[in-house]
Amino acid sequence: MYDVLIQNGLLCDGTGNPWTKLDVAVKDGKIEKVGKLQGSAAALAIDAAGKVVSPGFIDPHVHSDLWCTRPDVHHIKVLQGVTTELFGQDGISVAPVTEATKPLWQKQLKGLNGDFGDWPWESVDDYLRFLEQAKLAGNAAYLVPHGNVRTIAMGFDGREATAQEIEEMRRLVEEGMRQGAIGVSSGIQYPPCVFANKAELIAICEASAKYDGSFVVHIRNESNLSLEALAEVIDAARHSGVRLHVSHFKVCGSINRDKWQRALQLLDDGRAEGIEITFDQYPYTAASTVFSAILPPWMHDGGTEEMLARLQDHTLRPALKHEMLTNGEYDNTVRNNGWGNIVIASVASEANKHLEGKSVREIGELRGIDPADAALDLLLEEKAAVTMVIHWGVEEDILQAMTHPLQMVGSDGVFGGKPHPRLYGSFPRVAGRYAREQNAFPIWEAVRRMTSAPAQFMRLKDRGLIREGNWADIVVFDPAKIADRATYDDPLQTPVGISHVLVNGQLAVRDGVYTGVTAGMVVRR
């Protein structure tokens with residue numbers, strides 16, 4: 001007898017092939033049988049008539065590194081069909097750390113990953129073992145974050161690394177890969193990764209490539225210098241042999257719309273050259289990140305504490321405010337989008353909770369001061385534990401990238417406060433708004449971009465496809481009803497149309513309701 005039997009559905013197996021009318025049987029956490037299974041017995045039978053049966057969705061860009069240990073909150077991911085996530089993004093995460101760097105990272109990541117008290121780990125292996133003992137709603141994989149290994153090698157210094165320091169970073173990345181990471185990540189827009197040169201990037205990429213790992217990267221500039229930034233990481237992949245995956249692909253700002261097609265062409269040219277390149281994209285015209293990213297790179301030299309000290313020095317403010325409005329040599333959110341398009345998503349203190357959901361321009365008006373001063377004051381008041389939403393684009397450009405063959409879906413979801421709606425809605429939005437309503441691609445192609453495409457990039461051999469012997473991560477959804485409900489004004493709304501979700505063969509969602517099951521595993525390389 002099977003544990004679970006899913007019958008009468010439209011099986012989209014993850015390959016991108018059109019649906020077939022085949023049943024799926026699950027036993028002992030694995031897919032036991034795919035075929036015509038009428039008359040078979042099972043402890044739980046699911047009638048999927050009129051519904052799509054799909055592999056579990058795989059989110060290749062998340063910030064659930066600590067929130068995953070809170071299934072009472074984190075279960076919003078399985079409610080939208082996500083059964084596996086990739087942590088350690090943007091070169092800034094929770095491991096590896098040392099006793100010296102741990103408190104600095106705890107402060108720097110408080111706004112992004114939340115405050116969960118002490119971190120009882122140092123190495124990548126320690127952290128993954130910690131997760132293996134936790135109750136996880138979904139599966140977790142990890143990238144070695146460039147920023148973490150850089151700070152172990154040389155602290156938060158805002159300078160280029162020496163040859164000796166680069167070799168130490170290489171060693172630490174290799175160690176993390178041996179301990180189970182599936183690649184290395186960098187956020188070359190963010191401190192301390194922003195200070196890295198090409199030699200440093202090539203070295204960490206070589207360390208990942210040695211283990212067939214990937215280089216997952218938030219490029220140095222996603223706006224006015226986006227083409228140069230893409231060329232930089234493609235060249236790092238060219239010289240290191242690493243597989244390149246570009247995070248949350250976009251080109252920000254109306255003045256840069258002409259760069260979209262050229263950016264996609266750079267990726268195609270790299271592929272034609274023989275470099276394995278992919279990218280993920282969230283289906284929205286707004287971004288979300290830490291609020292301190294509004295500051296120019298030199299403000300971040302030395303880490304969060306020194307940044308806050310500079311913010312307290314009001315003699316620096318006139319020049320700082322002028323640079324934020326005019327400097328086009330870094331990915332300048334203020335210059336490219338304006339204060340009215342930068343919205344506060346979350347703060348740490350109760351005193352400023354009323355500012356969540358308001359633009360910086362509105363906050364300046366509330367306080368009767370210049371919006372730049374309002375922004376800098378807020379960073380000080382919250383000790384930089386602030387996140388933001390940035391409205392930057394138009395849907396036509398989103399569709400141009402979404403329909404590109406190298407694209408896969410990724411949420412880049414950030415928890416806390418009044419978050420970007422992508423946290424609650426990315427995957428059902430692709431299936432509902434874009435596949436069904438706008439006919440951007442057939443539903444089985446939408447499924448491929450959410451399942452086997454990220455599984456291939458992550459080198460997951462037994463997930464991402466409905467295949468006998470694979471882990472039973474499965475989603476059942478109504479293609480006529482699946483939809484996101486989260487909005488910028490009301491982002492904490494769960495999707496509709498997803499009836500059942502299995503994680504490693506156990507029913508995590510039943511009739512659209514989270515069951516409380518915590519069957520998630522840590523997936524090591």
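User: How many residues line the largest pocket, and which lie nearest its centre?

Analyst: Rolling a probe the size of a water molecule over the atoms shows where empty space is left. In this predicted model, 28 residues line the largest pocket. Q189, Y190, P191, A293 and H300 are the ones nearest its centre. The space in this pocket amounts to about 350 Å³.

User: Which elements give two or more residues to the lining of the largest pocket?

Analyst: They are α9 (226-240) and α11 (304-312). The largest share, three residues, is that of α9. Sorted by class, the lining holds 16 nonpolar, seven polar and five charged residues.

User: At what angle do α11 and helix α15 pack?

Analyst: Two packed helices are described by the angle between their axes and the distance between the axes. For α11 and α15 (residues 371-381), the angle is about 135 degrees and the axes are 10 Å apart. The two helices are therefore oblique to each other. Their crossing is left-handed. L308, L311 and Q312 of α11 meet L376, L379 and L380 of α15, a contact with five nonpolar residues, one polar and no charged.

User: How far apart are the axes of helix α16 and helix α17?

Analyst: The axes of α16 (residues 395-402) and α17 (residues 422-437) lie 13 Å apart, at an angle of about 110 degrees. These helices are therefore roughly perpendicular to each other. E395, I398, L399 and M402 of α16 make the contact with R429, R433 and Y434 of α17. By class, this contact has four nonpolar, no polar and three charged residues.

Conventions
Residues are numbered from 1 along each chain as its sequence is written. This is a predicted model: local features need pLDDT of at least 70, side-chain atom pairs count only at pLDDT 80 or more; totals for chains, interfaces and linings use all residues. Side-chain values use heavy atoms; hydrogens and water are left out. On a 1 Å grid over the protein atoms alone, a cavity is a set of points where a 1.4 Å probe fits but cannot get out, and a pocket is an open set with protein on both sides within 12 Å along at least five of seven lines; lining residues have an atom within 4 Å of a point. Grid points are joined across faces, edges and corners, and a volume is the space filled by probe spheres set on the points. Helices (H or I, at least four residues) and strands (E, at least two) are DSSP runs, numbered from the N terminus. Ala, Val, Leu, Ile, Met, Phe, Trp, Tyr, Cys and Pro count as nonpolar, Asp, Glu, Lys and Arg as charged, and the others, Gly among them, as polar. Axes are lines fitted to C-alpha atoms, for helices over the stretch in contact, and angles run from 0 to 180 degrees between N-to-C directions. Angles under 35 degrees count as roughly parallel, over 145 as roughly antiparallel, 65 to 115 as roughly perpendicular and the rest as oblique. Contact means heavy atoms within 4.5 Å. A crossing is left-handed if the near helix is turned anticlockwise from the far one by less than a right angle, and right-handed if clockwise.
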